[in-house]
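Biologist: I would like to learn how to read a model like this one. Please start with overall shape and then go to the details.

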Amino acid sequence: MSDQVTLTIDGKEVTVPRGTKVIEAAKQVGVEIPHFCYHPGLPVDGNCRMCIADVRTWNARAEKHFPARRPAVTCWTDAEENMQVFTDTDEVKKSRATVMEFLLINHPIDCPICDKAGECMLQDHYMQHDGKRSELREEKIHKPRLKPFGERIVYNGERCILCSRCTRFTAHVSKTHDLGIVNRGDRAVVELAQGSTFDNAYTDNVSDICPVGALTKTDFRFKKRVWFLKHTDSVCGGCSRNCNTVVDHDRAEIVRIMPRRRDEVNGHFMCNEGRDIYKSLAATVRTSAPISRVDELGAGPSWDDALAWAGGKLGEQKKGGKLAVIGSPWMSNEEALVLGHLAGKVCKSAWMDIKNDVIEGYPADDLLHTDDHNPNRAGVIAAGVVPGKKDGKDLAAIQEAIAAGEVEVLLVWGTGLANHYDSVEAMHEAVAKVPVVIQLTDAMDALSEVAQLVLPVRNWAERDGTWTNFEGHTSRFRKALRPHGQARDGFELLSAMCTAAGGKPPVKTFKDARKKLKQDPDSDVREVADGEFAFYKGQSLYRHHSGTTEV
Amino acid sequence: MESNYPVKGKDQVLLNFERGTESWPLSSYLTRGGYSTAKSVLSGGKYDSPADLVGVVKASGLRGRGGAGFPTGLKWSFLPKEPSGPIQLVVNADESEPGTFKDRVIMEENPHQLIEGCVLSCWAIESASCYIYIRGEYVPAIKRMVAAVDEAYAAGHLGEDIYGSGFTCHVTVHSGAGAYICGEETGLIESLEGKKGQPRIKPPFPAVYGVFGYPTIVNNVESIAAVTYIAHAGADSYRQWGTEKSAGTKLFSVSGPVKRPGVYEVAMGYPFKDLLENECGGMLDGVALKALIVGGSSVPVVNAEKALKINMDYESCAENDTLLGSGGVIVIGEGTCMVRTLMTLLRFYHHESCGQCTPCREGTGWIERIVTRIENGDARSGDIDELYRIADNMELRTICTLADAAAWPTKSFIEVFRDEFEAHIEQGKCPHDNQFPDHLNLRGGGKPQRHADPEHAFIA
């Protein structure tokens, strides 16, 4: 038996690996089969009956196709050689309309007050496959409507269509077994397991995968109608997993962060801490313009003056002075490329290493969390921010040199230098021995209080770039928010510093940087998320259809 | 054809004892030749190989007695040639279909024939373990089966190395918690594994992936008990009764306004008219036959005219637009409100739907509410067509056949007795009001009566 099978779906031929479900094979030829309970990241349950299609298997002996005895659900049916699948016959359409009718009779249809409205599969499928008035003349069934599942999730039993996605998530993905369906028939509801507080790190995913508004997040409830949100592809910097995300924002404010499907990085899901990372972003203290503590520049220098001064200080080091450069695992790969060039090639300094910006965070687990709470250590090292081969000094050696008073100019990217000293005072004491400390940062920290020059750069939500995770997969994040004050893009700023220091930047454009880094072209790939497929493609109503521009 | 009637008393296949005597202890079973078949088969004298016995069961034409009528021998042959683990036999004793109470008689009156059937079936399919999954409400049956299994172990008819043959067979009696859906074979398997009884999506079928993931054969009590006879007397002997496609004898549990309701074993193909007149003694005086549900509540209802044409076999039932089902014969007398009867049935299906598949979860409740409204006189003229449409939509769209089992009677009640439904709507009330004493009056959505017998007290 060959490992590949060829079948036709609505007359379109497709070859897929044996064992592929028909619903997935259909996606490959652009045929969307509507579904609720099926989710590519979960085991198949086959209970919603929405994905029924006319599946005809080939009988080699009789030399003809036979329809299934009972109509087949395509989420469970394996693609077979010479199979014929029809998804748009009248019978199939009737079947979908029927399932929609059954799903809606006891659904409260309270879309005007439902947070899921606008990204609800029930709404979408109703518009696409049903569109009829309700024939129900009886009272709808009533269930609990405001049931907290832990701190972060609220359950509405009446909206629930009992697809069991959430229970399968807790059973098979988070493996915490928090949720289950109790009672039978139309009295069934999702319940929290006795004694469970539903406080694990992945609870919010059940709201994302909920096809209706049954599970909503306390963090997002009643905050914003989803059709007012702009969506920008981003990457979570909470740990070195680099979960691909969508930043949902409105004007200058991030409202929520949702996971974005990327199979080799994070699959379909992300952790709660990653979703909350935008809150810490809003809480950081930032400067909107360069700050200086040197007399020749004055307290609030212009960018031009500040750059010229910094370039001059860096350029001097070519004449044999002592320059140390401390990068950050929060830099993008492109920035790291330019910083490495600036330090190593333009200024000829071999004293270069990266620090550990964030040392505290949630513990690693075997699902997504890693033990490195910085996003891009692997990428920054790969891009060349490493001690030089000849006479190179790593971070510990640089610290010794600082203590010995050997360093004349210290260039630091980002925050957290104090992490490498016993205390903030010890760090202040050490850097006081360095005549010129230049800090490029997106947030103010202890070093910003003493540095001779602080240059504000844009944070991850305000700039374009790529990060490479601990497994070597590169992911692209894009500019979502307007930059804070005069904060400048790191890539552009470092390129300008190369010029100011009397050299040339390694590449001209961001695109060239990506080429030079030989980046995985897949880092821009957006895999088709569940429910994202066809119907409303291009319309702003639909989730994940962000209008981000290609660089 | 007189010769087609099974001989009464000890020569019957399943009820081979004097009714009313203490027929269940091992001692009584041994006087009827009990365990002699198991002894001769296990010692290797009777059949050359397990495959031989499977062949005999195939040749006997025995069809599964649970309701679907799938040939038992054929089912056994679906077991994989190279099984992924120890093969399991599961005896489905979750007899919950309204109107069906035949397995109960086997388990209460003749439990050892079932156990011997388990041993023989296990030998045939090369299994060493058998589960008997008994409906939770069948407390007397559970008690009697447990006692019988204990007796059989003590006497060496079960356990390791039975009769020194080297063959091991363990029988475990497992009580359900009283759910109709656990009579569906994969629902039963889930329940047996300790999970919520919800049918599994198929394929894989239990023969490949069954209880605890092992290859599993699920058979009805009556089928397994009949295997004892077939192994003993051979296929031809079993085929002396019944028709070409419906061989052997079958138990029918007759309820309703007949003089002698009860469980009767007759040959397949026995006319219903004769069953009613001879075995059951005819209808109660002054009550005429109105309708018949021939095979348990899930099968389509037929009117009196058709009922009297039915022979009790699969083909004749199909010719008369119904199904033989499990053999739960519900006789309905003149004066019974068919809308109320349907309402009662649908309340059962609504209550028992496991809630997994959308059409069944939402549909069973919806049609019950519509029928209740018709019965209460609150319906409008379009409601009958609406009811039919919804029932039709439920059909064939679910994992198991519970939705079909609710849809078929609904559709057939409307087809056969549409005038009664219309009368309810025209008169704005039930035309049959107050024909029953209060305790039988099921109107108004009240809960089922709590059983007076403390042994049954946990029935809600």
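Modeller: This is a predicted model, in which local features need pLDDT of at least 70, side-chain atom pairs count only at pLDDT 80 or more, and totals for chains, interfaces and linings use all residues. Residues are numbered from 1 along each chain as its sequence is written, chains are lettered from A and ligands numbered from 1 in the order in which they are written, and side-chain values use heavy atoms, with hydrogens and water left out.

Modeller: The radius of gyration is taken over C-alpha atoms, and the globule rule is 2.2 Å times the number of residues to the power 0.38. For 460 residues a compact globule would come near 23 Å, and chain B, at 22 Å, agrees.

Biologist: What share of the residues in chain B is buried?

Modeller: Buried means under 20% relative accessible area (1.4 Å probe, protein chains only). In chain B, 61% of the 460 residues are buried.

Biologist: At what angle do helix 16 and helix 17 of chain B pack?

Modeller: Helices are DSSP runs of H or I with at least four residues, strands are runs of E with at least two, and both are numbered from the N terminus. Axes are lines fitted to C-alpha atoms, for helices over the stretch in contact, and angles run from 0 to 180 degrees between N-to-C directions. Helix 16 (residues 383-394) and helix 17 (residues 402-427) of chain B pack at about 170°, with axes 9 Å apart. Angles over 145 degrees count as roughly antiparallel, so helix 16 and helix 17 of chain B are roughly antiparallel to each other.

Biologist: What is the strand order in the open sheet of chain A?

Modeller: Two strands pair if DSSP finds at least two bridges between them. The order is 12-13-14, with antiparallel pairing.

Notes. Angles under 35 degrees count as roughly parallel, over 145 as roughly antiparallel, 65 to 115 as roughly perpendicular and the rest as oblique. Buried means under 20% relative accessible area, exposed over 50%, partly exposed in between (1.4 Å probe, protein chains only).
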